[in-house]
Amino acid sequence: MLEGGIQTVLPLGKCVGLMGPERKILNLLGFFCPIPINETRIALSELSDGDVIEVVCDDRETLRDIPLLCKRLNVSLISIEEDSGEFTFIIKNSAFLGDI
């Protein structure tokens with residue numbers, strides 16, 4: 001956990017850590033469809049408007065699925081990076097998601 005951050009345990013045993021006041025990390029390494037999409041959707045529903053989440057996955061299907069999820073939920077996909085088979089998505093919550 002990062003110094004001064006908050007950590008919340010998810011049902012899957014992974015964690016969301018806070019990187020400063022408005023940026024969270026969702027570590028989904030080792031999980032495959034549909035888990036990354038479902039957990040990303042849940043994490044987005046818990047964010048406030050304007051918050052940023054960093055989603056880290058190693059499932060290649062997320063390269064297609066997460067951008068589609070962002071479009072459907074009307075949130076901003078800021079960037080996608082790949083490093084040694086790990087994909088990092090930076091997503092800004094720019095919409096009211098309510099109960100999804």
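Okay, let's start at a loop: asparagine 74 sits between helix H2 (62–73) and strand S5 (76–83). When I say helix or strand, I mean DSSP runs, H or I of at least four residues for helices and E of at least two for strands, numbered from the N terminus. Before going on, the housekeeping: this is a predicted model, where local features need pLDDT of at least 70 and side-chain atom pairs count only at pLDDT 80 or more, while totals for chains, interfaces and linings use all residues. Residues are numbered from 1 along each chain as its sequence is written, and side-chain values use heavy atoms, with hydrogens and water left out.

So, back to asparagine 74. Its phi is near 60 degrees, which is positive for a residue that isn't glycine. Is asparagine 74 buried or exposed? Exposed, with a relative accessible area of 55%. For the cut-offs, buried is under 20% relative accessible area, exposed is over 50%, and partly exposed is in between, using a 1.4 Å probe and protein chains only.

Serine 84 also has a positive phi, near 55 degrees. You'll find serine 84 in the loop between S5 and strand S6 (86–92), and serine 84 is exposed at 72%.

One more backbone item: a cis peptide bond joins cysteine 33 and proline 34, with omega at about 10 degrees. Proline 34 is in the loop between strand S3 (23–27) and helix H1 (35–45).

How many of the residues of S4 are buried? That's 6 of 6. In a regular strand, side chains alternate between the two faces of the sheet. Here Val52, Glu54 and Val56 point one way, Ile53, Val55 and Cys57 point the other way, and all are buried.

What does S4 pair with? Pairing here takes at least two DSSP bridges between two strands. S3 and S4 run parallel and are joined by 5 bridges; asparagine 27, for instance, has valine 56 of S4 as its bridge partner. On to S6: S4 and S6 run antiparallel with 6 bridges, and valine 52 is partnered there by lysine 92.

S3, H1 and S4 together make a right-handed β-α-β unit. Right-handed means that, with the strands pointing away from the viewer, the path from the first strand over the helix to the second runs clockwise.

Let's go inside. The largest nonpolar core has 18 residues, and Leu44, Ile53, Val55, Ile66, Phe89 and Ile91 touch the most other members. H1, S4, H2 and S6 each supply at least two residues of this core, and H2 gives the most, with 4 residues. By nonpolar core I mean a set of buried Ala, Val, Leu, Ile, Met, Phe, Trp, Tyr and Cys residues joined through side-chain atoms within 4.5 Å.

Take isoleucine 53: leaving aside neighbours within four places in sequence, its contacts include Leu26, Leu44, Leu47 and Phe89. Contact means heavy atoms within 4.5 Å.

Last, the helices. Buried residues of H1 include Pro36, Ile37, Ala43 and Leu44, and the buried residues of H1 pack against S3, S4, H2 and S6. The axes of H1 and H2 come within 10 Å and cross at roughly 30 degrees. Those axes are lines fitted to C-alpha atoms, for helices over the stretch in contact, with angles from 0 to 180 degrees between N-to-C directions. Where H1 and H2 meet, the residues include Ile37, Thr40 and Leu44 from H1 and Ile66, Leu69 and Leu73 from H2.
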